[in-house]
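Visitor: I would like to go through this model and ask what stands behind each term.
Guide: Here it is.

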Amino acid sequence: MEFVEQVLVFVHFLGLAALIGGAFVQITASDKVVNRAMLDGALTQLVTGIALVGVIQGALDEELNNAKVGVKLAVVLERVREHLDAGQ
């Protein structure tokens, strides 16, 4: 299970790289919007973050700070909801 955890962490960091890369693209843009790379990075981090919590607490039987995980989940869900509402 440690291998699965390491793969999930790697993919989680790829999502972070997409998020930061999308933000760097916005530096020179005249209109600041959430681009596709930022949204895909956020969704990648959401999915892999939930999977990491499941692997760490379930299979590896380690304790996590559930309040911290809950706040992170609430923030990313709110940002994705705002983006999806703005697109309609």
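**Terms and values**

Guide: The model is a predicted one. Its chain holds 3 helices and 0 strands, and the order of elements from the N terminus is α-α-α.

Visitor: What makes a run of residues count as one of the helices?
Guide: A helix here is a DSSP run of H or I with at least four residues. The runs α1 (2-26), α2 (36-59) and α3 (66-86) carry such labels.

Visitor: Why is L60 called buried?
Guide: The relative accessible area of L60 is 16%. Buried means under 20%, so L60 is buried. L60 lies in the loop between α2 and α3.

Visitor: What does L60 touch, not counting residues up to four places away in sequence?
Guide: L60 touches M1, E2, E5 and V55. A contact requires heavy atoms within 4.5 Å, so each of these residues has a heavy atom within that distance of one in L60.

Visitor: What share of the contacts in the chain with a separation of 6 or more comes from residues 24 or more positions apart?
Guide: Such residues account for 58% of those contacts. Buried residues make up 23% of the 88 residues in the chain.

Visitor: How much space lies in the largest pocket?
Guide: The largest pocket holds about 800 Å³. It is lined by 26 residues, and H12, Q45, L46, K72 and V76 are the closest to its centre. The elements α1, α2 and α3 each give two or more residues to the lining, and α3 gives the most, with 11 residues.

Visitor: What makes a residue part of the lining?
Guide: A lining residue has an atom within 4 Å of a pocket point, so H12 meets that cut-off.

Visitor: How far apart are the mean positions of the positive and negative charges?
Guide: For the 6 positive and 10 negative charges, the distance is 11 Å.

Notes:
Residues are numbered from 1 along each chain as its sequence is written. This is a predicted model: local features need pLDDT of at least 70, side-chain atom pairs count only at pLDDT 80 or more; totals for chains, interfaces and linings use all residues. Side-chain values use heavy atoms; hydrogens and water are left out. Buried means under 20% relative accessible area, exposed over 50%, partly exposed in between (1.4 Å probe, protein chains only). Lys and Arg count as positive and Asp and Glu as negative; His and the chain ends are not counted. The place of a charge is taken as NZ of Lys, CZ of Arg, CG of Asp or CD of Glu. On a 1 Å grid over the protein atoms alone, a cavity is a set of points where a 1.4 Å probe fits but cannot get out, and a pocket is an open set with protein on both sides within 12 Å along at least five of seven lines; lining residues have an atom within 4 Å of a point. Grid points are joined across faces, edges and corners, and a volume is the space filled by probe spheres set on the points.
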